[in-house]
Amino acid sequence: MPQRILRHGGLADAVPSLEKALGNAGTPQEALRTVRRHGLVLWRNAVRKLRETDGDDRPLYWTRLAMRRALRAWRPGFDADIPHLITELEYASRGMTGNHLPAGDERLRLVITGFDPFRLERDIRRGNPSGAAALALDGAAMRLPDGRTAHVAAVLLPVRWADFAAGIVERALRPYLEPGPRQVALFLTISQGQPGAFHLERYNAAWRGGGTDNAGEESAGAVPVDDPATAPQWTVTSLPYQAMAAAGSGRFPVVDNTAVQELPGQAEEPVMRADGPSGEPGAAARAGGGGAYLSNEVAYRATLLRDRLGLGGSLPGGHLHTPVLEFAPENADPAEGRYTDPVLVANRRDITNQVKELLIAAATAPAPGA
């Protein structure tokens, strides 16, 4: 199935091209430049191919894995730091090459993040609509209703606890959030959520719930961030969620989700709260609106970075869960199903288009108090 997806995506030349280039690398420095260049080319080709075809994010995921395998199998005639080269390949092929959005006060700059496919042990054909939307919008210049142009950059994140603990979210977003001529006006982290609706997650929890990631690892406990003593139990969205929910952006309803799971002080079991954290002393976060998996953690880390940079509510940002991407009913069985079908393509297209409309609604919403 991965080979079918690779052929479908038009990125199959990436692996032999990398192998040939590595064979010509004579020093560690040349190897590093080679890996970064080929990772960036993979990202750019994946963006281009996705737009030229049916919006499929899966070929990038499987091609990157094949390139990682080629790097691990490479036996150079010099001492090469293979783990570091794999990390650099990851960064470049995920769009993590710094903030290159156009500078200037007349430009509106936006950054979004998506995720790799996940839970492939259940269905190896799975894609991720958040990744598809991120690839579709990377580099886009969107004309807004007020006449301005919004320039979008995108980053694709791995579904791996260890990468998050190593700071991949902060590395990806800091260049966009830090004050300067290219600072964004809005950030939006995106992941796949529940069937049939978009969810705007109001509260994000400082807690990992222990689910298995794409490396087969589990992690439970407090979200591991720098200076944990100053990390709050909750962070809060600064997106214009009311304007986004009311925008009439597409086929799926948009829900303002305030539910959380909290462990009251001295209690042994967490409780669900429909209207957000209680604010009681000693109460601890156990799940945000987006749960306690990596979608919650990307939202927590991004909004914590916002706050630690002193941006608070002045920079709109937060998390959006997309509907689940579904196959046609007759193609639902992963053991016998095809890798694609018209229903899957239509669902992915509709989700991507609605993400775009929600991004426009967020970018054009009045500032708080305006």
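Is Asp 350 buried, partly exposed or exposed? With a relative accessible area of 22%, Asp 350 counts as partly exposed, where buried means under 20% relative accessible area, exposed over 50% and partly exposed in between, computed with a 1.4 Å probe on protein chains only. This is a predicted model, in which local features need pLDDT of at least 70 and side-chain atom pairs count only at pLDDT 80 or more, while totals for chains, interfaces and linings use all residues. Residues are numbered from 1 along each chain as its sequence is written, and side-chain values use heavy atoms, with hydrogens and water left out.

**Salt bridges**

The structure holds 23 salt bridges, a salt bridge being a side-chain nitrogen of Lys or Arg within 4 Å of a carboxyl oxygen of Asp or Glu. Three of these pairs are set out in the table, including the one formed by Asp 350.

| Pair | N to O distance | Relative accessibility |
|---|---|---|
| Asp 56 and Arg 348 | 3.6 Å | Asp 56 6%, Arg 348 2% |
| Arg 148 and Asp 146 | 2.8 Å | Arg 148 32%, Asp 146 45% |
| Arg 349 and Asp 350 | 3.4 Å | Arg 349 46%, Asp 350 22% |

The side chains of Asp 56 and Arg 348 meet in a salt bridge. Because Asp 56 lies in the loop between α3 (28-52) and α4 (58-73) while Arg 348 belongs to helix α11 (residues 342-364), this pair ties together parts that are 292 residues apart in sequence; helices (H or I, at least four residues) and strands (E, at least two) are DSSP runs, numbered from the N terminus. Elsewhere, a network of salt bridges links Arg 64, Arg 68, Glu 90, Arg 94, Asp 116, Arg 160 and Asp 163.

**Nonpolar cores**

A nonpolar core is a set of buried Ala, Val, Leu, Ile, Met, Phe, Trp, Tyr and Cys residues joined through side-chain atoms within 4.5 Å. The largest one has 61 residues, and those with the most contacts inside it are Trp 74, Leu 85, Leu 110, Ile 112, Met 142 and Leu 359. Apart from this core lies another, of 27 residues, with Leu 101, Phe 118, Trp 161 and Leu 177 among them. Leaving aside residues up to four places away in sequence, Leu 110 touches several residues, including Leu 101, Met 142, Val 184 and Leu 359, contact meaning heavy atoms within 4.5 Å.

**Backbone in two loops**

Most residues other than glycine have a negative phi. Arg 119, in the loop between β1 (108-115) and α6 (129-137), has a positive phi near 55°. Asp 227, which is found in the loop between β8 (220-222) and β9 (234-236), has a positive phi of about 50° although it is not a glycine, and Asp 227 is partly exposed, at 45% relative accessible area.

**The largest pocket**

The largest pocket is lined by 31 residues, of which Phe 118, Arg 126, Gln 192, Gly 193 and Val 324 lie nearest its centre. Here a pocket is, on a 1 Å grid over the protein atoms alone, an open set of points where a 1.4 Å probe fits, with protein on both sides within 12 Å along at least five of seven lines, and lining residues have an atom within 4 Å of a point. The elements that give two or more residues to this lining are β4 (186-192), β5 (198-201), α10 (294-308) and α11.
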